[in-house]
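Trainee: I would like to learn how to read a model feature by feature. Can we begin with the space inside?

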Amino acid sequence: MENVAPSTTRRGLLAGGGIAGMSSLAGCFDRLWSQAETPGPDQISMSIKSVPADDDPIAATIASRLRENYNDAGIDASHEPVAKAELYRDVLLEGEYDVFVTRHCGFDDPDALYGLLHSRFIGEQGWQNPFQFTELAADDHLETQREATEDDRPTELVELVDYLLQSVPFTAVAHPYRITGSRESFEVPAPLRDALGYVEFCAHAANGPRDGPLEVGVFGEGLTERLNPLAVDRNRIQGLLDLLYDPLSRRIDGTYVPWLAESAEWHEGGGLRTRVTLRNGLEWHDGEPIDADDVAFTLEFIEDTSLGEVDGGLPAPRFRGRQTLVESTDVVDSRTIELYFTNTTRAVAARALTIPLLPEHIWAERSELLTDRQTVAITHDNESPVGSGLLTFAGDSTDEEVVLEPFDDHVFRGTSDRPSVLEGFSRFEGIRFQVAPNSGAMRDLLIDGDIDVTASEIPPGTVEDIRDAADVSTTMETTDAFYMVGFNSQHGELGNPNFRRVCARLIDREHVVSEIFAGFAQRATRTPSLVGIRNGAWEYGDEFADPDPDILEFPGTDGSLDTSRTRPLFQDIGYNYDDGRLLE
């Protein structure tokens, strides 16, 4: 340990100068030291991080507007645009931020809030509690909704959301419409954001058949650098890894459909468990067979990527919330495995079956430690991914493209015994992702006929350019995604839920939707939408009451703050002002 010289103390100064010579100044020193030991309060300061405008103009503009409003409220706020990979590293891996603004992909089920907020994940990385949020009451609500019966769960979710609106670890601003551009000769039945979206597009009768791959446009930097399904600190092409790695089941229109699993037999006596039987003849992309050991390994590896080498484990930064539903596994034979679940219900436990499987023969050796807190598995680029999906990696990727080819040995090819969503799949010879540096360049690729469809969303400012062009069109639909303002609860003032609650009000959601989104979004106004649950997304929506106006109402008009309305909000919770500066 580095030796540090002790700080000078009042007693040391008195002794060094001589008691007699200093005694006449004792009163002055008492006053001086009293002031030094109790300095006046400083102005509250915080940084707001987002990606740059080239990567996401919406997030960058919300962050900039938030900075203006925080400054008007007396907070010394700054906006710090950082590259997406750096933002993910700062927020999801290091916890080095005060406030961040980003787009969240949305929730597949209310139980996703468990992984996002439970204090058991406080020391982990990824989207497992990046807010460093620790409130036992919140933990109780998160656990109770997992355990509640189907009839009781809506009530428990209402109590959970009501609590979160008071504690505010994060707040949702708006749910954007997903805008896709395509050649007019194509139809877009669903967004190209996951494997099912691509499946439906490639199976649609109006889209093909034709020779060659589907040409898909995306934009951003570093999209092809790391094809690791566990990594969170790199940009990624949305949906690409979902095409390469299959799960046991996929959720389609609210129903869990067996995928690599042939069946899942559920039993509730003596604790919830399910016996999963794999389909016959499953193979990884490298020709190795997929067996029940791979299923057990995947769940174990997500819990601890060091495979027991580190006390307490080094969990994967992705899929942990779903993995914690499984208490233990028992491999019966090469095609059969039993999963035993924690205190939960079948409706929630089924989420664990949607985790993409990893081949043990490749990932087990990546358990090697790099540092006390990292394994090879978390940092590996996975430049030649081997999964089990309908498409396989075609070779080395470049900065400009990634090509996926049909996996001819997939169990669903050449058989009628497959999910109905695959009827007619595929009318293309794979998929080529063409990477543009920004949204304008992607727009040009579409208008010039170099791509068939966009996967990266079209920013509102680009929509009219595409609609005005010949032979192209746009498709728009609601999504579960939302723009989030996240608060680091370890920041001095942001550790106070009352302070976070006021900060969450300092963005005019109506103005954001009308001006920043140009109307292409739904603002978060109802109780569930403020925590990222889109209005009408789930059957529980009618259970929620409208939020308290004190939680939602923006203290200003047309996006601009009214300081006469804002300052009392902070003063009412114990803060003071000095010459317009909000003090710690």
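Trainee: Which residues line the largest cavity?

Mentor: Start with the ground rules. This is a predicted model, where local features need pLDDT of at least 70 and side-chain atom pairs count only at pLDDT 80 or more, while totals for chains, interfaces and linings use all residues. Residues are numbered from 1 along each chain as its sequence is written, and side-chain values use heavy atoms, with hydrogens and water left out.

Mentor: Now the general idea. On a 1 Å grid over the protein atoms alone, a cavity is a set of points where a 1.4 Å probe fits but cannot get out; lining residues have an atom within 4 Å of a point. Here, the largest cavity is lined by L164, L165, V168, F170, T171, A504, R509, L530, V531 and I551. The elements that give two or more residues to this lining are α8 (153-167) and β4 (170-176). Helices (H or I, at least four residues) and strands (E, at least two) are DSSP runs, numbered from the N terminus.

Trainee: How much space lies in the largest cavity?

Mentor: Volume is the space filled by probe spheres set on the points, with grid points joined across faces, edges and corners. For the largest cavity that is about 80 Å³. The whole structure holds 6 cavities of 30 Å³ or more.

Trainee: How do the residues of that lining divide by class?

Mentor: Ala, Val, Leu, Ile, Met, Phe, Trp, Tyr, Cys and Pro count as nonpolar, Asp, Glu, Lys and Arg as charged, and the others, Gly among them, as polar. The lining of the largest cavity has 8 nonpolar, 1 polar and 1 charged.

Trainee: What lines the second largest cavity?

Mentor: L248, V295, T298, L299, L339, A352, L353, I355 and L357 do. The space there is about 50 Å³. Helix α11 gives the largest share of the lining, 3 residues. By class, this lining has 8 nonpolar, 1 polar and no charged residues.

Trainee: Where does α11 (292-303) lie?

Mentor: Across β10, β11 and β12 (336-341). Axes are lines fitted to C-alpha atoms, for helices over the stretch in contact (heavy atoms within 4.5 Å). Angles run from 0 to 180 degrees between N-to-C directions. Helix α11 runs at about 165 degrees to β11.

Trainee: In what order do the strands of that sheet come?

Mentor: Two strands pair if DSSP finds at least two bridges between them. This open sheet of 4 strands has the order β9-β10-β12-β11, and its pairing is antiparallel. Strands β9 (261-267) and β11 (326-333) are at the edges with a single partner strand each, so one side of each has no neighbour in the sheet. From one strand to the next, the twist averages 20 degrees.

Trainee: How many bridges join β9 and β10?

Mentor: There are 6, in the antiparallel sense, with β10 covering residues 273-278. E265 has R275 in β10 as its bridge partner. The hairpin of β9 and β10 has 5 residues between the strands, and G270 there takes a positive phi near 75 degrees. On to β12: 5 bridges join β10 to this strand, again antiparallel. R273 has Y340 in β12 as its bridge partner.

Trainee: Is T277 buried or exposed?

Mentor: Buried means under 20% relative accessible area, exposed over 50%, partly exposed in between (1.4 Å probe, protein chains only). T277, in strand β10, is buried at 17%. Not counting residues up to four places away in sequence, T277 touches A261, E262, S263, R335 and T336.

Trainee: Which residues does a cis peptide bond join, with omega about 5 degrees?

Mentor: G208 and P209. P209 is in the loop between α9 (195-203) and β6 (214-219). Another cis peptide bond joins F425 and S426, with omega about -5 degrees. S426 is in the loop between β16 (401-406) and β17 (431-436).

Trainee: What is the phi of L307, which is not a glycine?

Mentor: Positive, about 50 degrees. L307 sits in the loop between α11 and α12 (320-323). L307 is partly exposed, with a relative accessible area of 29%. D558, also not a glycine, has a positive phi of about 50 degrees. D558 lies in the loop between β22 (556-557) and β23 (560-561). D558 is exposed, at 62% relative accessible area.

Definitions and conventions:
On a 1 Å grid over the protein atoms alone, a cavity is a set of points where a 1.4 Å probe fits but cannot get out, and a pocket is an open set with protein on both sides within 12 Å along at least five of seven lines; lining residues have an atom within 4 Å of a point.
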